[in-house]
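Dear colleague,

I am handing over the structure we spoke about, and it is placed directly below. My notes on what was found in it follow after that.

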Amino acid sequence: MVIAIDGPAASGKSSTAAAVARVLGAYHLDSGALYRTLTRVALDAHTRDPEAILQAAARRGVALAEHGAELMPLLDGGLAESRIRSPEVTGLVSEVSAMPTLREWVNMQLRAAARPDRTLVLDGRDIGTVVFPAAATKIFLTASPEARARRRLVQRGDAPDEAAVAVEAARLVERDRADSVRPVAPLKRAPDATVVDTTDMSFDQQVSAIVDLVRRGLPEPC
Ligand code: CDP
């Protein structure tokens, strides 16, 4: 069973999806982490050619691995996580993730991870629209650009003063624009997704709102 959580940049999808998975005893997979890992590989190999990126990724052992209840990308035999959140990666990831060949490769990894013996909470941009259009529950998680910018600054340990919030909000809006206008798998709400606007919600409130939606969509309580 797949629970799809899509939404714009820094809407809290990954941390929310991880917490929802914990409550449900499910696995969590952040699909953006795979795009970020391919971006890291593209930067290191100084190439923007999708075939060359995939070859370099294969050489460096990019694949998903279980890390507790998280399915996370491996790079060079260890978790990629600490190497994929830099501004350099964030600045290029929309360009890399717009390449159809790379999207097909990522989608293959995501579909292989959805084994029948697992409940999987997956977050991204196109999970409910393209990757798993028959997902059991679809959520579109959003918040105002300012709320998202404030959270991202706090997450990074930066002061969320007015000027910093304005700069970060503009960056997020630009990444959303790039993700929304690309021809392949653009960021958009699936018509059957429930919108959860977290602008005025606490983290715990957004987690329980989604857990409730998942449980209501299930034939049996979990
Ligand atoms: O965490 P944040 O909201 O910054 O973004 P992310 O989930 O780490 O995703 C990084 C980038 O990967 C996005 O800006 C998209 O360009 C791309 N992405 C995508 O195209 N499709 C997905 N399913 C997930 C991410």
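Lining the largest cavity are Asp 6, Gly 128, Thr 129, Lys 138, Ile 139, Phe 140, Lys 188, Arg 189, Ala 190 and Ala 193. Before going further, please note that this is a predicted model, in which local features need pLDDT of at least 70 and side-chain atom pairs count only at pLDDT 80 or more, while totals for chains, interfaces and linings use all residues. Residues are numbered from 1 along each chain as its sequence is written, and side-chain values use heavy atoms, with hydrogens and water left out.

The cavity

A search of the whole structure finds one cavity of 30 Å³ or more, and the space in the largest cavity comes to about 40 Å³. A cavity here is a set of points, on a 1 Å grid over the protein atoms alone, where a 1.4 Å probe fits but cannot get out, and lining residues have an atom within 4 Å of a point; grid points are joined across faces, edges and corners, and a volume is the space filled by probe spheres set on the points. Helix 6 and strand 7 (137–142) each supply at least two residues of this lining, and strand 7 gives the most, with three residues. Helices (H or I, at least four residues) and strands (E, at least two) are DSSP runs, numbered from the N terminus. By residue type, the lining divides into four nonpolar, two polar and four charged residues, where Ala, Val, Leu, Ile, Met, Phe, Trp, Tyr, Cys and Pro count as nonpolar, Asp, Glu, Lys and Arg as charged, and the others, Gly among them, as polar.

The ligand

There are 19 residues around the ligand, and of these Ala 10, Arg 36, Arg 152, Arg 175 and Asp 179 come nearest; a residue is counted if one of its heavy atoms lies within 4 Å of the molecule. A polar side-chain atom of Arg 36 lies 2.6 Å from an oxygen atom of the ligand, and a polar side-chain atom of Arg 152 also lies 2.6 Å from a ligand oxygen atom. For Arg 103, an N or O atom in the side chain is 2.8 Å from an oxygen atom of the ligand.

Ala 10 has a positive phi of about 60° although it is not a glycine. Most residues other than glycine have a negative phi. Ala 10 sits in the loop between strand 1 (2–6) and helix 1 (13–24) and is buried, with a relative accessible area of 10%; buried means under 20% relative accessible area, exposed over 50%, and partly exposed in between (1.4 Å probe, protein chains only). His 46, likewise not a glycine, has a positive phi of about 50°, but His 46 is exposed, at 71% relative accessible area, and lies in the loop between helix 2 (31–45) and helix 3 (50–59).

Salt bridges

The count comes to 18 salt bridges, each being a side-chain nitrogen of Lys or Arg within 4 Å of a carboxyl oxygen of Asp or Glu. Arg 103 takes part in one of them, with Asp 126, at 2.9 Å from N to O. Asp 126 lies in the loop between strand 6 (120–124) and helix 6 (127–131) and Arg 103 in helix 5 (residues 100–113), so this pair ties together parts that are 23 residues apart in sequence. Both partners are buried, Asp 126 with a relative accessible area of 2% and Arg 103 with 4%.

Another salt bridge joins the side chains of Glu 168 and Arg 156 (3.0 Å, N to O), linking helix 8 (residues 162–181) with helix 7 (residues 145–156) across 12 residues. Here Glu 168 is buried, at 5% relative accessibility, whereas Arg 156 is partly exposed, at 46%. Salt bridges that share partners also join Arg 40, Asp 44, Arg 60, Asp 76, Arg 83 and Glu 88 into one network.

A buried arginine

Arg 182 is found in the loop between helix 8 and strand 8 (194–197), and at 7% relative accessibility Arg 182 counts as buried. The side chain of Arg 182 makes a polar contact with the side chain of Ser 97 at 3.3 Å, and the Arg 182 side chain also reaches the backbone oxygen of Val 184 at 2.9 Å. A polar contact is a pair of N or O atoms within 3.5 Å; within protein, one must be able to donate a hydrogen and the other to accept it, and residues adjacent in sequence count only if both atoms are side-chain atoms.

With best wishes

Notes: On a 1 Å grid over the protein atoms alone, a cavity is a set of points where a 1.4 Å probe fits but cannot get out, and a pocket is an open set with protein on both sides within 12 Å along at least five of seven lines; lining residues have an atom within 4 Å of a point.
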